[in-house]
Amino acid sequence: MRTILLLILSFATVFSQDPPDIKWKEINTKNYHIIFPHEIYIEANRVANTLEYLYPFTSKTLGGKHYKIPLILSNRSTISNGYVRLAPWKSEWYSVPVGNKILGQGEWYNTLAIHETRHMVQYSFLNRNLTRFFHLLGGEFGQTAFSMFCAPDWYWEGDAVCTETVLTKFGRGRLRYFDKGIRAILNNNISYSYKQSRFGSYKNYIPGHYEYGYFL
């Protein structure tokens with residue numbers, strides 16, 4: 001059984017990797033190390049300029065800076081997403097835009113540039129006081145573990161949605177579609193506890209931590 005499990009994990013790791021024939025290029029700016037396949041050089045250059053332009057705006061209210069970060073632009077999948085993480089400290093953006101109206105009418109990379117940069121600032125801002133102690137004790141794994149207790153998921157995503165709403169005309173906070181669930185709950189005089197709102201429900205419709213986080 002252990003042998004089978006190890007084989008499954010090994011193959012899963014192999015299949016999740018990018019093909020070996022990609023010709024990777026890089027752009028180094030003051031605050032970002034952008035890594036990308038050579039065929040999307042034009043998009044990568046635009047991302048680099050956009051990020052540096054937005055840097056003082058996305059970081060202004062949380063310490064004014066974030067650590068320089070490797071950013072990987074991926075164009076070999078059908079995933080629509082972007083994320084920032086520790087252990088290792090990096091960000092990755094998938095180039096396929098979301099195919100629905102939940103993210104508004106903004107250009108895909110512009111939306112990610114604001115939302116994900118705000119997450120970079122959040123991680124850097126939290127690396128202080130007691131969180132800094134856990135970082136020194138356990139590295140980025142230590143900071144990640146303790147950060148889960150410092151800030152719930154609604155803080156991370158709500159603050160990022162708020163930032164994209166303030167800095168653009170297409171942020172999710174400006175969309176009637178985005179808050180329709182909360183409006184429906186309020187219009188029907190339904191009340192959920194914080195715990196229910198925080199963790200969701202398999203029985204009742206409860207908006208997610210993006211929506212609740214934005215208003216909180």
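## Basis of the model

Because the model is predicted, local features need a pLDDT of at least 70 and side-chain atom pairs count only at pLDDT 80 or more, while totals for chains, interfaces and linings use all residues. Residues are numbered from 1 along each chain as its sequence is written, and side-chain values use heavy atoms, with hydrogens and water left out.

## Overall fold

The protein has eight helices and five strands, taken as DSSP runs numbered from the N terminus (helices H or I, at least four residues; strands E, at least two). Along the sequence these elements follow the pattern α-β-β-α-β-β-β-α-α-α-α-α-α.

Of the 216 residues, 40% are buried, where buried means under 20% relative accessible area, exposed over 50% and partly exposed in between, with a 1.4 Å probe and protein chains only. Among contacts with a separation of 6 or more, 56% join residues 24 or more positions apart, a contact being heavy atoms within 4.5 Å.

## The sheet and its helices

The five strands form an open sheet in the order β1-β2-β3-β5-β4 with mixed pairing, two strands being paired if DSSP finds at least two bridges between them. Since β1 (24-28) and β4 each have a single partner strand and stand at the edges, one side of each is left without a neighbour in the sheet. The twist from one strand to the next averages 15°.

In β4, G82 and V84 make up the covered face, whereas Y83 and R85 make up the uncovered one. Helix α3 lies across β2, β3, β4 and β5, running at about 15° to β4, while α2 (residues 41-58) lies across β1, β2, β3 and β5 and runs at about 160° to β2; these angles run from 0 to 180 degrees between N-to-C directions, with axes fitted to C-alpha atoms, for helices over the stretch in contact.

## The largest pocket

A pocket here is an open set of points on a 1 Å grid over the protein atoms alone, where a 1.4 Å probe fits and protein lies on both sides within 12 Å along at least five of seven lines; lining residues have an atom within 4 Å of a point. The largest pocket holds about 380 Å³ of space, the volume being that filled by probe spheres set on the points, which are joined across faces, edges and corners.

Its lining has 24 residues, with N81, H115, E116, E157 and Y210 nearest the centre. Two or more lining residues come from each of β4 (82-85), α3 (108-126), α5 (153-167) and α8 (209-215), and α3 gives the most, with eight. The lining of this pocket has eleven nonpolar, eight polar and five charged residues, where Ala, Val, Leu, Ile, Met, Phe, Trp, Tyr, Cys and Pro count as nonpolar, Asp, Glu, Lys and Arg as charged, and the others, Gly among them, as polar.

## The second largest pocket

About 160 Å³ of space lies in the second largest pocket, which is lined by R85, L86, Y123, T144, S147, M148, A151 and W156. Helix α4 (residues 129-150) supplies the largest share of this lining, three residues.
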